[in-house]
Amino acid sequence: MNWDDTTDEAAGAAERLVGPAAERLVDSGADGEDQAVEAALRPKDLGEFIGQEKVREQLDLVLRAARARGATADHVLLSGAPGLGKTTLSMIIAAEMGAPIRITSGPAIQHAGDLAAILSSLQEGEVLFLDEIHRMSRPAEEMLYMAMEDFRVDVIVGKGPGATAIPLELPPFTLVGATTRAGLLPPPLRDRFGFTAHMEFYEPAELERVVHRSAQLLDVEIDPRGAAEIAGRSRGTPRIANRLLRRVRDYAQVKADGHITQDIAGAALAVYEVDGRGLDRLDRAVLEALLKLFGGGPVGLSTLAVAVGEERETVEEVAEPFLVREGLLARTPRGRVATPAAWAHLGLVPPRQAGGKGQQDLFGT
Ligand SMILES: Nc1ncnc2c1ncn2[C@@H]1O[C@H](COP(=O)(O)OP(=O)(O)OP(=O)(O)O)[C@@H](O)[C@H]1O
Ligand SMILES: [Mg+2]
């Protein structure tokens with residue numbers, strides 16, 4: 001979806017949200033508009049990068065030491081959920097090293113030859129950013145092992161019995177791999193990174209700083225409380241914070257004088273059906289069904305999915321991870337169960353002794 005920045009945008013907000021789950025405002029993946037705006041909002045150096053204190057401190061040491069030695073930095077693996085800043089950090093690594101960056105991704109490398117072509121054209125010290133590194137093909141992966149360790153690749157010339165491997169020396173380079181699924185990386189690949197950064201979800205206070213910084217870059221006036229309101233609904237994810245900020249800005253322009261206050265932010269996000277905790281319509285529908293139709297569970301995933309009129313996969317992969325992370329829903333062997341926090345969040349009172357012993361066992365109440 002490619003939304004442009006016209007001012008009557010907020011007016012059509014409600015209708016636009018009636019779409020597939022993939023287009024949700026609180027989805028942590030990047031859509032077309034995000035990609036365009038993100039480039040402008042990306043912090044350019046480590047000092048500008050907000051939060052992730054540990055990762056920043058460690059990475060700073062790795063890069064400083066390499067610079068002091070006049071060497072190329074060790075290979076870096078960045079793992080973490082979508083929208084937490086992996087691509088941003090990879091660009092920062094190149095900038096801090098004063099090196100050019102080449103960007104590609106696992107799915108783009110189908111054959112080992114594709115990788116050989118990229119590797120053999122790298123300049124000394126260049127940063128090679130390999131996004132979604134867990135989705136690379138096996139043969140390419142094996143070529144990468146040797147390239148990472150020995151800065152060498154074997155280029156296969158010819159086919160069948162007559163094929164020969166021609167060794168090719170590579171200039172030293174820094175591989176920056178990014179993955180949302182570190183668990184899927186084969187250990188030999190994981191072990192070849194000198195430094196692995198695990199990116200965590202952001203604290204609300206950090207997201208407030210992200211919102212303030214982005215507002216400044218977008219030339220939007222925002223109150224501290226307005227920023228806090230947006231941060232609190234952003235699911236610990238800077239990409240979502242930036243997206244909510246843009247939608248709130250639209251609302252502020254159309255319905256007010258453009259200045260974002262707490263009230264404006266709250267009213268705007270109510271239009272977009274993003275609640276105080278960052279749950280959207282789908283998340284709330286799942287919770288409501290679980291509480292109102294099934295007394296808080298346990299209920300099977302398929303039954304729950306039918307009740308909200310969605311596919312099983314949508315409920316399981318789109319709605320549940322955040323609900324589980326927020327401690328609102330638990331996946332148990334007997335089915336999905338609402339936690340006491342879920343009842344509280346929807347302002348409902350749990351039926352006394354509902355679920356009987358099962359719920360008592362689960363929560364020790
Ligand atoms: N620490 C941060 N400080 C400020 N802004 C940030 C930070 N981290 C991320 N952002 C913002 O969030 C947006 C998304 O970040 P980025 O594209 O780096 O995420 P990602 O981890 O690569 O996501 P994906 O897994 O989808 O590729 C960027 O535009 C950037 O402006
Ligand atoms: Mg990325």
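Of the 365 residues of the protein, 36% count as buried. The model is a predicted one. Its C-alpha trace spans about 75 × 50 × 35 Å along the principal axes. The protein has 16 helices and nine strands. Among contacts with a separation of 6 or more, 71% join residues 24 or more positions apart.

Start with the largest nonpolar core, which has 37 residues. Val76, Leu78, Ile93, Leu115, Leu128, Met143 and Val176 touch the most other members. The helices α3 (53-69), α4 (86-97), α5 (112-120) and α6 (138-150) each supply at least two residues. So do the strands β1 (76-79), β3 (127-131) and β6 (174-179). Look at valine 76. Leaving aside residues up to four places away in sequence, Val76 touches Ile93, Thr174, Val176, Phe193, Phe195 and Ala197.

Now turn to helix α9, residues 224-232. Its buried residues are Gly226, Ala227, Glu229, Ile230 and Ala231. These buried residues pack against α8, α10 and α11 (262-271). An α-helix has 3.6 residues a turn, so residues three or four places apart point the same way.

Next comes ligand 1. How many residues surround ligand 1? There are 22, and the closest are Glu38, Gly85, Lys86, Thr87 and Thr88. By class, the shell has nine nonpolar, nine polar and four charged residues. Helices α2 (32-41), α4 and α10 (238-255) each supply at least two residues of this shell.

An unreviewed entry lists "binding site" for Leu41, Arg42, Gly83, Lys86, Thr87, Thr88, Glu149, Asp150, Phe151, Arg192, Tyr202 and Arg239. These positions are spread over 199 residues of sequence. They are also spread in space, up to 36.7 Å between C-alpha atoms. The unreviewed entry also lists residues 72-203 as "domain: AAA+ ATPase". The end C-alpha atoms of that span lie 33 Å apart. The span is 29% helix and 27% strand.

Threonine 87 is found in helix α4. Is Thr87 buried or partly exposed? It is partly exposed, because 19 other C-beta atoms lie within 10 Å, and a buried residue needs 20 or more. Not counting residues up to four places away in sequence, Thr87 touches Asp131 and Ala178. Thr87 is also one of the residues closest to ligand 1.

Glycine 83 lies in the loop between β1 and α4. This glycine is buried, because 28 other C-beta atoms lie within 10 Å. Beyond its neighbours within four places in sequence, Gly83 is in contact with Ser28, Thr237, Pro238, Arg239 and Ile240.

Tyrosine 202 lies in the loop between β7 and α8 (204-217). With 25 C-beta neighbours inside 10 Å, Tyr202 counts as buried. Its contacts, not counting residues up to four places away in sequence, are Gly51, Leu207, Gly236, Thr237 and Pro238. Thr237 and Pro238 are also contacts of Gly83.

Finish at glycine 194. This residue lies in the loop between α7 (187-190) and β7 (195-198). Gly194 is partly exposed, because 15 other C-beta atoms lie within 10 Å. Gly194 and aspartate 74 are 120 residues apart in sequence. In space, their C-alpha atoms are 5.4 Å apart. Which residues does Gly194 touch, not counting those up to four places away in sequence? They are Asp74 and His75.

Key. Residues numbered from 1 in each chain as written. Chains lettered and ligands numbered in written order. Predicted model: local features only at pLDDT ≥ 70, side-chain atom pairs only at ≥ 80, totals over all residues. Core = buried A, V, L, I, M, F, W, Y, C linked by C-beta atoms within 7 Å. Buried ≥ 20, exposed ≤ 12 C-beta atoms within 10 Å, placed from the backbone. Helix = DSSP H or I, 4+ residues; strand = E, 2+ residues; numbered from the N terminus. Contact = placed C-beta atoms within 7 Å. Near = placed C-beta within 6 Å. Nonpolar A, V, L, I, M, F, W, Y, C, P; charged D, E, K, R; others polar. UniProt positions renumbered as here; feature names shortened; annotations may be inferred.
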